[in-house]
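Colleague: Please take a close look at the side-chain contacts in this model, beginning with the aromatic rings and going on to the charged groups. I would like the cut-offs stated as you go.

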Amino acid sequence: MFKEASSQSALREWQQEVNDISAEFRLTITINDIITADHRFQEVCFSQGCSERIRQQHQMSLLQYINAATFEHASTLPQENSKADVYHQLVRDQAGHIVMALSFSAVNHDLDKPEMFQALTAVQIRIADMLSSAVRASLTSMDLHNKQPENVIHSVDVQAFINAFDEHIWIKNTDGIYIGCNKSVERAWRKSADQIVGKSDFDLFDPRTATLFIEGDKLAIDTGAAVVVSECEEVDLNSNKVWLETIKAPVYDPQGQLTGVIGMTRNIAKHKEAQEQLMLAANVFQNAVEGVVITDTYGNITEINQAFTDITGYSREEVLGQNPRILSSGRHPKSFFERLWNTLLVQGKWHGEIWNRRKHGAIFPQAITISAVFDKQNIIQYYVAVFADISAQKQNEEKLKNLAYFDPLTQLPNRMQFMSLLEQELIHSNRAKKQLAILFLDIDFFKHINDSLGHVIGDEILVELAKRLSYALSDFDVLARLSGDEFVVMLPSIMGTDSVTSSVDRIRSVFERPFILDNAQSVRLTASIGVAIYPSDGDDHDSLLRNADAAMHRAKLDGRNNYAFYTESMTKQAVAQLKLQTALHQAIANDDFYLVYQPKLKLDDLTPYGFEALIRWHDPILGDISPGEFIPLAEKIGLIWGIGLWVLKTACLQGVEWLTQGKYFDRISVNVASLQIQRSDFVEQVRLILLETGLPAKHLELEVTESCMMHDPDAIIRDLKLLGAMGIALSIDDFGTGYSSLNYLKKLPIDKLKIDQSFVRDIPHDSNNTAIAKAVIALGHALNLQIIAEGVETQAQADFLRVNGCDLAQGYLYSKPRLPEALADFLPPVASMKSKK
C-alpha cells in the first residue's frame with residue numbers, strides 16, 4: 001500500500017535513504033508492503049547491490065517470523081528477534097493489521113555462502129529501530145486504505161482489444177482460414193475485414209507469399225511457442241522505409257487442443273537503429289586511443305578495450321573478474337582512494353591523475369575519468385573509466401619545470417617558483433584565516449669560502465647545505481635558493497611562534513656538523529635567520545620577503561649565528577619559548593618531574609576504585625609550570641616519548657608499593673599521548689615496564705584520546721588489542737572533544753569512556769551539556785563500556801550523573817590530585833575489601 005500511495009519522488013528519497021544507511025552501517029535492508037492477508041509481499045525498496053537471492057532469503061525469514069508472531073493481537077515482536085541473523089520490524093495499521101515489514105541483515109562480503117548472515121551488532125539494531133520508526137511516522141501521515149485500488153471487473157471486447165494496437169494482428173483457425181484481424185491489418189493490406197475473414201492465404205496473396213505464410217504457421221505449431229518467422233525492410237503507407245518483424249504463436253483451448261495460430265507484425269526500426277548504435281559504440285570502444293575499463297558495482301572488471309591492453313600489457317582474459325587494484329603502483333596513500341570514492345559516490349564522476357603499474361612492472365602516470373552509470377531507479381549499475389597514458393606529457397612538463405622554476409645548482413625552487421608558491425599559499429591562508437612564516441637565511445661570511453677555497457668548493461658546500469636543509473624540514477615546508485648563499489623557507493599553516501622556533505632550531509642544527517671537503521679538510525659555518533609572519537608582518541609576498549630580509553640583517557647586527565623576528569613582541573615571545581624549551585631539557589636531566597594521583601570513586605556507593613596518575617613540574621627558576629603548557633611543547637620538540645615512559649614506570653612502581661603494603665586499589669590509569677602510541681615499539685615498551693616493575697597488568701589502565709585514531713587507525717587498533725590481551729584496561733579520554741568515529745569506536749578494544757570535564761562543568765543547568773552527558777552514557781552502555789566523568793565539583797553534578805547511570809567519577813568534590821603519602825583514606829586494606837565482596 002505504501003508503494004501505491006507514495007509519489008515516485010518520495011520513493012526515490014526512501015531508496016536514497018536506505019542506500020546511505022546501508023553503506024554507513026554495513027546493513028542490507030529490504031522494505032516490503034504486506035499486500036494480502038496470507039502475507040504476500042511487494043518490494044518497496046532495498047539496499048543498493050542487494051542480490052535477488054538475499055532478498056528472497058529476507059522474505060523467507062520474514063514469513064517465518066510473521067507466522068511465529070500472534071498476527072492479529074501481538075503488540076510486541078517475538079523476543080528472539082534481537083538474536084536472529086535477519087532482524088525484522090513490523091508496521092501495523094490502526095486496526096492492528098500488518099501493512100509493512102522492514103528486514104535487516106549484516107553485510108559480510110567475505111562469506112562463501114551469501115545466504116548465511118552474521119548477527120547484527122547493538123549499534124546496527126539501534127539504527128534499524130530508528131529507520132523503522134521513521135517509516136511508521138511516514139505511514140501515519142498517509143491514508144493508505146483510501147488509496148488501495150478497487151477490484152473492478154471490466155468487460156473488454158476482443159476485437160476492440162486488438163484494434164487498440166498499432167501492430168498488425170490476425171488470427172487463423174487450424175485450417176489456415178483467417179477468423180479475425182485488427183484495423184492495422186486492414187490498412188496495411190488495403191482490404192476490409194469482410195474481405196479478409198473467411199479467406200485463406202492463397203485467396204489473398206500470390207502463391208509464393210502464401211506458401212511462406214503457411215510455412216511460418218507450421219513453424220510456430222511445431223515449435224509450440226512464439227517464434228520470429230520473418231524480418232524484412234518494406235515501404236509503409238506513407239512511402240517510408242520500415243523494418244518489419246513477424247511473430248507467430250500457436251493458440252490452445254483450455255483442454256490443450258490446438259485451435260489456431262495468432263500472428264503479429266511490428267515495426268522494429270527503432271530496434272534496428274539501436275542495434276546499429278550499439279555496433280557503432282562497440283567499434284568506437286575497441287578502436288579508441290584511450291584505455292576503457294568497465295566494472296560492476298563491486299569493482300570487478302567486466303570489459304576492457306584494446307587500448308587498455310596496449311597501455312597496461314594485460315590481455316582481456318587476464319583481467320576479467322579482477323579488481324583494478326592489480327594495476328596499483330603503491331604510490332598513493334589509502335586516503336587518496338577514500339577521497340576518490342567519496343567524490344565518485346556523491347557526484348557520480350571523478351577526474352584526476354593516477355600513477356599505475358604496467359604488467360611488466362613499470363610505473364606510469366595516467367589521466368583518468370571515472371563515471372558511475374545509474375539505472376532508472378538512480379542505483380549504480382556499472383563504473384566506466386577512460387584513461388590515457390601521459391608519461392610523455394609528464395616528462396616534457398618536468399623538463400620545462402626544471403628549466404624555468406628550479407635552481408640548476410641545488411635543484412631547489414628558484415626565486416620565481418618560490419614567489420609563485422608563496423602567492424598561492426597566501427591566498428589559501430587568507431581564506432582559511434591561518435598564519436604562515438617566512439624564514440630568510442643567509443650564511444655568515446660565505447664570501448670568505450669563495451675567496452679562499454674557490455667557487456667550485458663553495459658550490460659543493462651549497463649543494464650539501466641544500467640537502468641538509470631539505471632533510472631538516474617537513475614535507476609541507478618549502479625551501480628555495482634565492483641567490484648566492486641566500487635561502488628562504490616558507491612554513492605554511494603555523495600554530496604560533498612555538499612551531500616557528502622549532503623549525504628554526506632544526507635549521508640551526510644543520511650547521512652543527514662540519515662540512516667535509518674532498519681533501520678531508522672540514523669547514524664549519526653559521527647562519528643568520530630572519531622571520532616574518534603573515535599577516536602581522538605583511539599581507540603580500542613582496543612585503544613578507546622584504547621584512548624577513550630586514551629581520552635577518554638585524555640578526556647579523558646582533559652578532560650573527562642568531563635569529564630574529566620582524567616584530568619585537570614576537571621576538572620576546574620566541575625568547576620565552578626558547579627558555580621553556582631549554583628548561584624542559586634540563587628538567588629531564590635533573591629528574592625534576594613528580595606524580596600526583598587523583599582518586600576515582602564508584603558513584604553508586606562512593607567506594608574507592610583507583611587513581612589517575614598526573615605529571616607535575618617545578619622548575620627552580622620558572623616555578624610551577626602547568627602540564628597544559630609543557631606537554632604540548634614536549635610533543636612538538638620530540639621529548640614526549642621519554643617523559644611518557646617515565647610517567648608509566650613511576651606509576652607502576654607506586655602501584656607495586658601500595659600492593660606490597662597490603663592496600664587495595666583496582667587500577668592506576670596513565671595518560672598516553674598520540675605520538676607515544678604511534679610508535680611501533682610502544683606495546684613492547686609497556687610490556688618491558690610491567691616486567692621490570694612487577695606490577696600485574698590487571699592493575700594498569702591506559703587512557704588514550706580520540707585523536708590517536710587520526711594516524712594509521714588500523715595499526716592503532718591492532719596495538720590496542722595487543723595491550724588489552726595483556727590484561728591492561730583501556731579507556732577513551734576526553735570523549736566527544738576530538739576525532740569521533742563510531743566506525744572505529746566499535747572496533748576499539750576499550751573498557752571505558754571518560755566524559756570530558758567541559759561537558760560536566762555546567763551540569764545540570766546547561767541543557768546541551770546534560771543531553772551530551774546522557775548520550776555518552778547511553779552510547780557507552782550500549783557498547784558494554786563503563787562511563788567515568790571527570791571534573792565533578794558539585795553534589796548536583798554527582799547526583800545527576802548517578803541518576804543517569806554513570807559508573808565512576810573523579811573531581812574536586814571528592815579529592816584534588818594528591819601526593820602518594822596523602823592518599824591513605826582512599827587506600828583501604830585488601831582484607832576489608834574482600835570482606836565486603
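Modeller: A residue is called buried under 20% relative accessible area, exposed over 50% and partly exposed in between (1.4 Å probe, protein chains only). The model is predicted, so local features need pLDDT of at least 70 and side-chain atom pairs count only at pLDDT 80 or more, while totals for chains, interfaces and linings use all residues. Residues are numbered from 1 along each chain as its sequence is written, and side-chain values use heavy atoms, with hydrogens and water left out.

The whole structure contains 18 aromatic pairs (Phe, Tyr or Trp rings, the six-membered one for Trp, with centres within 6.5 Å; planes under 30 degrees apart are stacked, over 60 edge-to-face, the rest tilted). One of them joins Trp-341 and Tyr-383, whose ring centres are 5.3 Å apart with planes at 90°, so this pair is edge-to-face. Trp-341 is partly exposed at 38% relative accessibility, whereas Tyr-383 is buried at 5%.

Another edge-to-face pair is formed by Tyr-597 and Trp-658, with ring centres 5.4 Å apart and planes at 65°; it connects strand 22 (residues 593–602), which holds Tyr-597, to helix 22 (residues 640–660), which holds Trp-658, across 61 residues. Tyr-597 is buried, its relative accessible area being 1%, and Trp-658 is buried as well, at 3%. Elsewhere, ring pairs gather Trp-170, Tyr-178, Trp-189, Phe-205 and Phe-213 into a cluster.

Charged groups also meet rings (NZ of Lys or CZ of Arg within 6 Å of the ring centre and within 35 degrees of the ring normal). Arg-468 lies over the face of Phe-515 at 4.0 Å from the ring centre, and the charged end of Arg-560 is placed over the ring of Phe-445, 4.3 Å from its centre.

Finally, there are 33 salt bridges in the structure (a side-chain nitrogen of Lys or Arg within 4 Å of a carboxyl oxygen of Asp or Glu). Among them is the contact between Arg-266 and Glu-245, at 2.8 Å from N to O, which ties strand 9 (residues 258–267), the place of Arg-266, to strand 8 (residues 241–252), the place of Glu-245, 21 residues apart in sequence. Here Arg-266 is partly exposed at 34%, while Glu-245 is buried at 9%.

Terms used:
Helices (H or I, at least four residues) and strands (E, at least two) are DSSP runs, numbered from the N terminus.
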